[in-house]
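The sequence and the structure come first, and the discussion follows them.

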Amino acid sequence: MNEISLRAEEIFRIGSWPVTNALLLAIVSLLVLLSLGLIIKRKINLVPGKIQSIFELLLEQILKFMDSVLGDRRLSEKYLPLIATIFLFIMTSNWLGLFPFVGPVGLNLEHNGKHSFVPIFRAPASDLNFTIALAIISLISINLLGIFAIGFKNHFSKFFNAHKPFPVISFVGLLEFLSEFVKIVSFSFRLFGNVFAGEVLLLIVGFLVPYLVPLPFLFLEVFVGFIQAFIFSMLTLVFVAMAIKHETH
Amino acid sequence: MDPEAMKLLAIAIVMGLGTICPAIAIGLIGSKGADAIGRNPEAAPKVQTAMILAIAFAEAIAIYALVVSLILKFV
């Protein structure tokens, strides 16, 4: 049975910068998305082909869903790049992490005089660095989009009480400020926990009964990968929708 | 009690207590969802989407407990 390690293992270093196996699979999923995009861009047609119709359907579904939250097609199209990028990236990386070449293919590396087996690929979201980075990106873009949509002063008026002669941080403002950091924690731990737990579950089930029995669990993990990507992007969307709304008191 | 046994006990307690509330939550969500679909079968797709979302949120709490116990076990 493979050793379960909570942190992504290091494969090699570029200078003093460690390249982990989770990072490698994240790069692979970026390449997959990039090549898909290039293929579709080259074959784009007024009469859609097979791949193009699938992606047009997907795009239409995402836009329709965003409409139900934002209530305006113009706004949905404006924020589509952020939301759809988060959704597609997390979903591809989760699904790539389920492929059979991810766990067992690896190298025997020597580390501190100790030989150990290190898989070359690992689901990116089972590394906390990946999910925290995504959470910070989504938090920064929520705040930036809020500032661009309703102005610096209006956006930060939820943290500071601007009606006084000088801005004072209020109790509610303090709570709002804290909740921004809590968002990072809940965003990142939700995704990390789900994907990492899935990896451990698949490993243990595969160890107990190697044939047929892991199938329903694999299906569950495909579903969880989709649902978690959906939740991550939908929560970002909901927070963006809250940030760009100007509240008039 | 030696530290190793205490650690295993802690893992078991974290998992056991941490999954009680999410289990209740998922049960409630499922029962309300089935209720809603029974009352209004045309709204089934919408109810199902909301139901699965809410279940995923409730499940996240159990996942936090799982992460804590995995950290206890493997770090």
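The largest nonpolar core of this predicted model holds 42 residues, and the members that touch the most others are Ile86(A), Ile90(A), Ala125(A), Phe232(A) and Val240(A). Two or more residues of this core come from each of helix H1 (21-42), helix H2 (50-70), helix H3 (73-96), helix H4 (128-150), helix H6 (171-208) and helix H7 (214-243) of chain A, and also from helix H3 (44-74) of chain B. Among these contributors, H7(A) gives the largest share, 8 residues. As a general background, nonpolar side chains tend to be buried together in soluble globular proteins.

Leaving aside residues up to four places away in sequence, Ala125(A) touches Ile90(A), Ser93(A) and Asn94(A), then Phe130(A) and Thr131(A), and finally Leu191(A), Phe192(A) and Val195(A).

Turning to the contact between the chains, 11 residues of chain A meet 12 residues of chain B. On the side of chain A that touches chain B, the elements giving two or more residues are H6 and H7 of chain A, and the largest share, 6 residues, belongs to H6(A). By class, this side of chain A comprises 7 nonpolar, 3 polar and 1 charged residues.

Chain A also contains a pair of strands, in which E1 (residues 10-14) and E2 (residues 17-20) run antiparallel and are joined by 4 bridges; within this pairing, Glu10(A) stands opposite Thr20(A). E1(A) and E2(A) form a hairpin with 2 residues between them, and Gly15(A), in the turn, has a positive phi of about 65 degrees.

Chain B has 3 helices and 0 strands, and its C-alpha trace spans about 60 × 20 × 10 Å along its principal axes. Whereas a compact globule of 75 residues would have a radius of gyration near 11 Å, chain B has 17 Å, and 11% of its 75 residues count as buried. Even so, among contacts in chain B between residues at least 6 apart in sequence, 79% join residues at least 24 apart.

Technical notes
Residues are numbered from 1 along each chain as its sequence is written. Chains are lettered from A and ligands numbered from 1 in the order in which they are written. This is a predicted model: local features need pLDDT of at least 70, side-chain atom pairs count only at pLDDT 80 or more; totals for chains, interfaces and linings use all residues. A nonpolar core is a set of buried Ala, Val, Leu, Ile, Met, Phe, Trp, Tyr and Cys residues joined through C-beta atoms within 7 Å. A residue is buried if 20 or more other C-beta atoms lie within 10 Å of its own, exposed if 12 or fewer, and partly exposed in between; C-beta atoms are placed from the backbone. Two residues are in contact if their C-beta atoms, placed from the backbone, lie within 7 Å. Ala, Val, Leu, Ile, Met, Phe, Trp, Tyr, Cys and Pro count as nonpolar, Asp, Glu, Lys and Arg as charged, and the others, Gly among them, as polar. Two strands pair if DSSP finds at least two bridges between them. The radius of gyration is taken over C-alpha atoms; the globule rule is 2.2 Å times the number of residues to the power 0.38.
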